[in-house]
Amino acid sequence: MAGGDVWSKLRNLDAYPKTLEDFRVKTFSGAAISIVAILLIVVLFTSELVYYLSTEVEPELFVDTSRDEKMRINVDVTFHKMACAFLHLDIMDVSGENELDVEHDIFKQRLTETGTPIYEEPEEVDDLGDESDSAVGALKMMKEGLDPNRCESCYGAESEQNKCCNTCEAVREAYRRKGWALTDIQGIEQCEREGWTEKLKAQAKEGCRIYGHLEVNKVAGNFHIAPGKSFQQHSIHFHDLNSFGREALGKFNMSHTINHLSFGIEYPGVVNPLDGHSETADKLGATMYQYYVKIVPTRYRKARGQELNTNQYSVTMHQRHIDHKAGQTGLPGMFVMFEISPILVQLSERTHSFFHFLTGVLAIIGGIFSVAGMIDSFVYHGLRSLKKKQELGKLG
Ligand SMILES: *[C@@H]1O[C@H](CO)[C@@H](O)[C@H](O)[C@H]1NC(C)=O
């Protein structure tokens, strides 16, 4: 029978010849080894599965050839001892673009001495609430018996375009334009009427949280939060500190906490080194906190092909106390100087191959079974020969 021949030849290829059930013995040691082997397989399989399901992030470096023109700065800083009325945020960059007293997308939240917010709704704060333009302001003026068409003195700072200064703010602005110092607001009628000094005093103990985001050109630049309204004169940047009076100047406490500072959108695993950073002033007066930030453009590629173009940064910090009496110049405040690195970091998420996983699992199962089998036969034969020797000993 030719068919039967082929079958018996095929049978010869069986790599797993079976022994008859009757000849098998189940031993206690074999059971123990089996349990240990199964436990080991479960543990190793789980670790292999965890590894397979995890993603790895692989960094690569390139020269940044992208031309994103804008960069987003997210900022959230709390000044514990500076009132919102004092603080202003300005941005400047090397392209010469200045944005002074930024209020767009930046909010100031007044805080009490202990740090709780003063209003439910944070307002886009105007200087001490300058009411001259609003309807409420007009009504108030009527009540106080002021002529809406009046023209009050600018105390010598009148100019061609600006002949009248009807509010305290207008007088200050006129002085700023002239580049003069308004050392004493006490004698100025408009300011007295508006209760400037009282307002400043009332807010003197408050804190301020400034938060929001800025869009800037993607070039080196700086932004700062400093007391005093800023102004530009002969292309030099000034802050008007005079209207607070000499006394206030010596009492500034620029302690602050950076709740958040980032340059761009978040990506998984981002570390913003300044988040939660706190500075406490040990001396009152003008202290400059300078943060030198190097921004590293970063592209994050998700495993599913999505790409995030964002930035990470590293920072060094410098702190300087300015002694105005000793002739040192400088401005109190928090300054962030940023530079853009030419190197782009690309972070790519990588998933693990399924076939690699399969190979690993089979290797674990097969390996453990064969090793366990070897151990089992050692133990079995060892025990058997021991028993035999004991029996021989009894006989002898
Ligand atoms: C400034 O304010 C901080 C925070 O409230 C405080 O801890 C620190 O002692 C103050 N510094 C001085 C010199 O008073």
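The structure is a predicted model, in which local features need pLDDT of at least 70 and side-chain atom pairs count only at pLDDT 80 or more, while totals for chains, interfaces and linings use all residues. Residues are numbered from 1 along each chain as its sequence is written, and side-chain values use heavy atoms, with hydrogens and water left out.

Around the ligand stand K81, N253, S255, T280, A281, D282, K283 and L284, each with a heavy atom within 4 Å of it. Of the 360 Å² of accessible area that the ligand has on its own, the protein covers 59% (Shrake-Rupley method, 1.4 Å probe).

A pocket here is an open set of points on a 1 Å grid over the protein atoms alone, where a 1.4 Å probe fits, with protein on both sides within 12 Å along at least five of seven lines; lining residues have an atom within 4 Å of a point. Its lining comprises 17 residues, and V25, K26, T27, G30 and D376 lie nearest its centre. Two or more lining residues come from each of α2 (28–53) and α8 (354–395), helices being DSSP runs (H or I) of at least four residues, numbered from the N terminus. The most is given by α2, with 6 residues.
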